[in-house]
Amino acid sequence: MIPEVQAILLGVVEGVTEFLPVSSTGHLIVAERLIGFRDTGEVFTVVVQLGAILAVLWFYWRQLWEKVTHLFQGSRRARGFWLNLIVASLPAVAVGLLLEQAIKGVLFSPLTVAITLILGGLVLWWVDRRPQAVTQPEKTEPDLDAVTLKQAALIGVAQAVAVIPGVSRSGASIVGGLLTGLNRVTATAFSFFMGLPVLGGAGLYSLFKARHALGSLPGGSAPLLVGTVVAFITALLSVSWLLKYVSTHSFRAFAVYRVVFGTLLLGLIALGLLR
C-alpha cells in the first residue's frame, strides 16, 4: 500500500479516536499492524497526535486566548485554570520520561492493547453507573472554573496510567474526573485541555529526538505530514461531536465497544492473524 494512503487511514484513526475514551494509541498500533505500516521507533504514532492537539487549539482558541489575556490581567480564575493544567500534566510527564523506553519496548503490542481495552471498558462501565460518581448537575456547557486543584491532581494521576497502550488518555482522565465529582461534559472538556501539554509535549519531543530518523519512515517525512493534517480535520469533527453526545448520553456505549473490540483482537491474535 502507498505510504501516503496508509498515512491517511492512520490519520483518520488517530483523529476519530484521540479524544474518545477508546485509546487512539491502541487503535494506531493495531491499524499499523493490519495495513503493514512500519513505524520506526513509534515516531508516527506519537507525532501524528499533534494534529489532534491542533484541533483542540482551533476549537477552543477563543477560550484559550481569553484565559491567557485574563491571566496577565490578574484573574484568579484564569490563574487557577492554568495551574490546574500544569498540576494535571505532571504525573503523565514524569511517568512518560521515566518509563518511555520500557513502555515502547515491551507494551506496544496488540496483546497489550486487547487486554487494556477490555479492562478499561469494564472500569468505564462501572464508573459511569455509580450513582454517587457525579456531584455536579449535568450541563450542556463545561464548567472548567469549578475544577479544584485537588481534582486536577487526582485526574492527572489517572491520566498517567494511560502511558500503557490501550488504556486511553482521554478515557483515564474522564474516569478520574467522574470519580472526583465532575459531570460528564466538564470531565470530557477538561480531558481535551489536558491533552495540550501532554500530547503536544510528547509529540514535539519525539519529533525532535527522531529528526534524523524521519527518512526511515515509509515514504519519508511526507506521510507524517499527511497523517497529521488528516488527524487535525477528523479530530476537529470528533471533539465537536463528543461534547454534544456526552451532554445527553452516558459513556456506556464506549465501554461496550472497548470490551467487544478487545475481545475481537484477542480472537485475531489467537488465530495468528494479528501479531
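How many residues does helix 5 have, and how far does this helix reach from its first C-alpha to its last? Helix 5 (residues 61-72) has 12 residues and reaches 17 Å, close to the 16 Å expected at 1.5 Å a residue, the expected span being 1.5 Å times one less than the number of residues. Helices here are DSSP runs of H or I with at least four residues, numbered from the N terminus. Just after helix 5, G74 takes a positive phi of about 85°.

This is a predicted model, in which local features need pLDDT of at least 70 and side-chain atom pairs count only at pLDDT 80 or more, while totals for chains, interfaces and linings use all residues. Residues are numbered from 1 along each chain as its sequence is written, and side-chain values use heavy atoms, with hydrogens and water left out.

Helix 10 (residues 184-209) packs with helix 4 (residues 49-59) at an angle of about 145°, their axes 9 Å apart; axes are lines fitted to C-alpha atoms over the stretch in contact, and angles run from 0 to 180 degrees between N-to-C directions. The contact (heavy atoms within 4.5 Å) involves Q49, L50, I53, V56 and L57 of helix 4, and F192, G195, L196, L199, G200, G203 and L204 of helix 10.

Helix 6 also packs with helix 10, at an angle of about 40° and with axes 9 Å apart. Residues of helix 6 including F81, L85 and K104 meet residues of helix 10 that include F190, M194 and K209.

S109 lies in the loop between helix 6 (76-107) and helix 7 (110-129). Leaving aside neighbours within four places in sequence, S109 is in contact with I29 and R33.

Methods
Helix = DSSP H or I, 4+ residues; strand = E, 2+ residues; numbered from the N terminus.
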